[in-house]
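Subject: Structure handover

Hi,

Here is the structure I promised to pass on. Have a look at it first, and then read my notes below.

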Amino acid sequence: MASALEDPTLEQNFKGHKDAVTSVDFNPNNKQLATTSIDKCLMIWNLKPQTRAYRFTGHKDAVMCVQFSPSGQLVASASRDKTIRLWTPNVKGASTAFTAHSAAVRSVNFSCDENFLVTASDDKSVKVWNAHQQRFLLSLKGHNNWVRSARFSPDGRLVVSCSDDRTVKIWDTVRRECINTFTDHKGFANFVDFNPSGTCIASAGTDNSVKLWDVRINKLLQHYQVHSSAVNCLSFHPSGNYLITASTDCTLKIMDLLEGRLLYTLHGHQGPVIAVTFSRHGEYFASGGSDSQVLVWKTNFDRIPYNDVLKSHSIRTNPDPAPQITDIHPRIPHLHTSGLQTIQIDPRTHVADMQSSDPPVTDVGIGFSSKLQTVSILEQRLTMTEDKLQECLDNQQTEQQVRSS
């Protein structure tokens with residue numbers, strides 16, 4: 001661990017996207033960073049300075065979300081073109097397109113065992129897919145407006161989603177139903193996720209707030225009002241002790257969840273910050289913004305071996321005995337404001353120290369050397385018309401009842 005006196009520092013500044021950066025994610029091997037943008041591209045950056053970057057083309061509209069699989073062998077992306085794509089992150093740029101949503105797809109997330117994907121869409125649904133068999137499995141319906149984000153719990157049993165209908169919902173993937181709904185936000189939540197132990201969820205709100213709930217007792221634990229504008233994204237440190245947020249107020253903020261206080265306010269982007277994530281080990285975090293820049297920062301927190309993180313997730317898949325989990329404290333909800341003492345970090349005041357990276361970029365994907373596969377036409381039609389299919393079945397049952405009578 002770095003010295004407690006060391007503050008987070010800006011390590012790299014990647015420039016290559018032509019429009020706002022919408023999502024960022026580290027490869028578990030800590031050697032690559034994937035980013036997406038309104039410019040319709042997915043880019044994979046090598047963290048070794050001046051190493052070639054790759055721009056993947058294939059989506060026909062803005063790409064809203066990206067995530068590496070837990071093994072790092074696949075990359076999933078979600079787009080406004082209504083599709084999800086699975087990519088192999090190499091120069092061949094092979095991709096598989098999944099089509100079942102009827103509107104823009106805003107979010108995609110792998111389960112920790114890499115077997116499943118969950119997606120969130122403007123068609124008001126959350127969908128679960130089999131990643132390896134490349135097929136649609138089920139829809140989770142209950143939101144009545146656009147769904148902004150959906151994430152698996154560490155053990156894969158639950159899904160959390162947030163919507164413009166001002167609700168955050170917890171879903172049971174086995175029973176295929178909503179088991180709890182939180183409606184504490186005055187606005188709506190832009191992003192939601194589980195903490196590493198799976199006991200809590202955090203949401204980033206358009207009302208400038210960050211809220212944490214305990215999903216076991218369905219209670220609000222902490223409420224942070226530290227940003228001056230909408231909070232767009234958040235990420236838990238692998239230890240579960242820290243939370244980083246990205247906001248339209250052009251800042252990143254890091255909260256100490258154990259002490260319940262704001263630790264750092266970080267400046268660096270020349271506009272709203274849209275995306276942020278910690279690396280799988282927790283020694284780095286990356287951010288992306290409307291300024292088209294990708295910033296990579298080094299933390300001063302404990303490094304958590306990623307194998308240990310995956311092992312803890314695996315243990316939680318066994319319900320007997322019940323997992324022993326460290327709670328987030330304090331256990332009672334209370335408001336945290338930006339008036340508390342915080343350390344301001346602005347690398348822009350030390351331009352000479354900022355390491356800007358403008359590596360050579362290779363274009364791959366459709367139109368270059370990609371191999372495109374799609375879900376079968378029959379499966380697309382079935383999944384796109386779930387409601388109509390159910391209606392037909394109901395009508396058939398009614399007709400059979402009438403004939404039998």
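A word on naming before anything else: helices (H or I, at least four residues) and strands (E, at least two) are DSSP runs, numbered from the N terminus. This is a predicted model, so local features need pLDDT of at least 70 and side-chain atom pairs count only at pLDDT 80 or more, while totals for chains, interfaces and linings use all residues. Residues are numbered from 1 along each chain as its sequence is written, and side-chain values use heavy atoms, with hydrogens and water left out.

Let's start in a loop. R157 sits between β14 (147-152) and β15 (158-163). With a relative accessibility of 32%, R157 counts as partly exposed (buried is under 20% relative accessible area, exposed over 50%, partly exposed in between, using a 1.4 Å probe and protein chains only). From R157 to W171 is 14 residues along the sequence and 8.5 Å in space, C-alpha to C-alpha.

E114, in the loop between β10 (105-110) and β11 (116-121), is not a glycine but has a positive phi, near 70 degrees. Q134, in the loop between β12 and β13 (135-141), also has a positive phi without being glycine, near 55 degrees. Is each one buried or exposed? E114 counts as buried at 11% relative accessibility, whereas Q134 is partly exposed at 29%.

Now the cores. A nonpolar core here means a set of buried Ala, Val, Leu, Ile, Met, Phe, Trp, Tyr and Cys residues joined through side-chain atoms within 4.5 Å. The largest one has 32 residues, and L212, L243, L252, I254, L266 and F285 have the most contacts inside it. Elements giving two or more residues to this core include β19 (200-205), β20 (210-214), β24 (251-256) and β28 (293-298).

Five of its six residues are buried. Strands count as paired if DSSP finds at least two bridges between them, and β28 has such a partner in β1 (residues 9-15), antiparallel over six bridges, with L10 opposite W297. β27 (residues 284-289) also pairs with β28 in the antiparallel sense, over five bridges, and there A286 stands opposite V296. β27 and β28 make a hairpin with three residues between them, and S292 in that turn has a positive phi of about 70 degrees.

Next, the rings. Rings of Phe, Tyr and Trp (its six-membered ring) pair if their centres lie within 6.5 Å; planes under 30 degrees apart count as stacked, over 60 as edge-to-face and the rest as tilted. How many aromatic pairs does the structure hold? There are nine. F98 and W129 have ring centres 5.5 Å apart and planes at 85 degrees, so that pair is edge-to-face. F98 is in β9 (residues 95-99) and W129 in β12 (residues 125-130), so the pair ties together parts that are 31 residues apart in sequence. Both F98 and W129 are buried. Elsewhere, Y242, F278, F285, W297 and F301 form one aromatic cluster.

There is an open sheet too, of five strands in the order β2-β3-β4-β5-β32, with mixed pairing. β2 (21-26) and β32 (361-365) are at the edges with a single partner strand each, so one side of each has no neighbour in the sheet. Within the sheet, β3 (residues 32-37) and β4 (residues 42-46) pair antiparallel over five bridges, and A34 stands opposite I44.

Last, the cysteines. The structure holds zero disulfides, a disulfide being a pair of cysteine sulfur atoms within 2.5 Å. C65 is buried, with a relative accessible area of 9%, and C200 is buried at 0%.

Best wishes
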